[in-house]
Amino acid sequence: MQRSAGASILWLMQIGERQALIITELPPPRRALAQLSPMRWCRLVGGDTFSPKRLCRLTAASYTQPSIVHSSVRHIAEDQSYNVSTVLLARQLLTPLERIEDVALVIDGGIIAAVGKRDAVSVPSRGRVVDFGDSILTPGLIDMHVHGGAGHDVMEGSDESLAAIERLMVQHGVTSYCPTTVTAPLEQTLKSLEDLARAAERADRDAGRDPTRAQPLGIHLEGPFLSHARRGVHSGVHLQPVSGEAFNQMWDAAGGHIRVLTIAPELEGALALIADASRRGVCVSVGHSNATLEQGIAGIEAGVRHATHT
């Protein structure tokens, strides 16, 4: 039995036909909140919502001890490549529906095969057992609205800036995210979308090569189709009237990687654009809006299914 004296970031990755379990010595997040169960999380990321990624990550977070991982734990990924079963033990596992105490999670060939209380789970006789003691297992968090961090803006678009942001996110339990734009001159926005699209494609291609970085799932386009009355920090000079032509330019620059669109539904032409973006599989979100109740309902009927903020 291998024992971890604390907690660390624990990712279970499924990349095509290859799976790996990777554990890193990063500080645990301050708050470990279960957003989706591991298996549901896999289905969500593998579906149409964010793009066809086959990636599932878990976070092991401790509230009482510093992050320490026994050196032998690093061989779990190798074990999975040789189809050696692995059993993770922890004080607790959180899902959206339940809290499992004294949990055992069985990984067989890189796939979560069973999860439940230790006395109810069949543990393979030849499997590796990793005991995380008083830690809590949760699915990794998905941040679908983030403009930057670590002193960088996602619109910089360089690998150096995105790497800094993504490494900071992982330290706080965020394993996947949607880099989010801010209203800027159109040419600058197009350039940033091209850079972020390349980053998303690179992350798809190289998934799992750097386990210290969060995975971009696609772009959140916040602006330029926002209300002047509720623009917040967005530049009023660069806000634009709703335009299908402008959106097509941004869509093409992003290579179809726009996954979320924040828009004010009361703007002229917004309902048609909401319907068009929804047909393309974009999650349309109402935000920076001065809409009346009736205008908001019209937006929902056209295809809005999320809310950003006023």
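Guide: A salt bridge is a side-chain nitrogen of Lys or Arg within 4 Å of a carboxyl oxygen of Asp or Glu, and by this rule the count comes to 8 salt bridges. The model is a predicted one, in which local features need pLDDT of at least 70 and side-chain atom pairs count only at pLDDT 80 or more, while totals for chains, interfaces and linings use all residues. Residues are numbered from 1 along each chain as its sequence is written, and side-chain values use heavy atoms, with hydrogens and water left out.

Let us begin with a network of salt bridges, which links Asp159, Glu166, Arg202 and Arg213. Within it, Asp159 and Arg213 form a salt bridge with an N to O distance of 3.2 Å. Asp159 belongs to helix 3 (residues 159-171), whereas Arg213 is in the loop between helix 4 (186-205) and strand 14 (215-216), so this pair ties together parts that are 54 residues apart in sequence. Helices (H or I, at least four residues) and strands (E, at least two) are DSSP runs, numbered from the N terminus.

Arg213 also forms a salt bridge with Glu166, and here the closest N and O atoms are 2.7 Å apart. Because Glu166 lies in helix 3 and Arg213 in the loop between helix 4 and strand 14, the pair ties together parts that are 47 residues apart in sequence.

The surroundings of these side chains can be described by relative accessible area: buried means under 20%, exposed over 50%, and partly exposed in between (1.4 Å probe, protein chains only). Glu166 is buried, at 3%, and Arg213 counts as buried at 15%. Asp159, with a relative accessible area of 31%, is partly exposed.

We now turn to helix 4. The expected span of a helix is 1.5 Å times one less than its number of residues. For the 20 residues of helix 4 the span should be 28 Å, which agrees with its end C-alpha atoms, 28 Å apart. Asp195 is buried, with a relative accessible area of 9%, whereas Arg198 is partly exposed at 44%.

Asp195 is one of the buried residues of helix 4, which also include Leu190, Leu193, Leu196 and Ala200. The buried residues of helix 4 pack against helix 3, strand 13 (174-179), strand 14, strand 15 (219-222) and helix 5 (244-253); contact means heavy atoms within 4.5 Å.

The loop between strand 15 and helix 5 contains Pro224. The peptide bond from Gly223 to Pro224 is cis, with omega near 15 degrees. In general, most peptide bonds are trans, and most residues other than glycine have a negative phi. Asp102, with phi near 50 degrees, is found in strand 6 (residues 99-108) and is partly exposed, with a relative accessible area of 37%. Ala150, with a phi of about 55 degrees, is in the loop between strand 11 (148-149) and strand 12 (152-153), and Ala150 counts as partly exposed at 41%.
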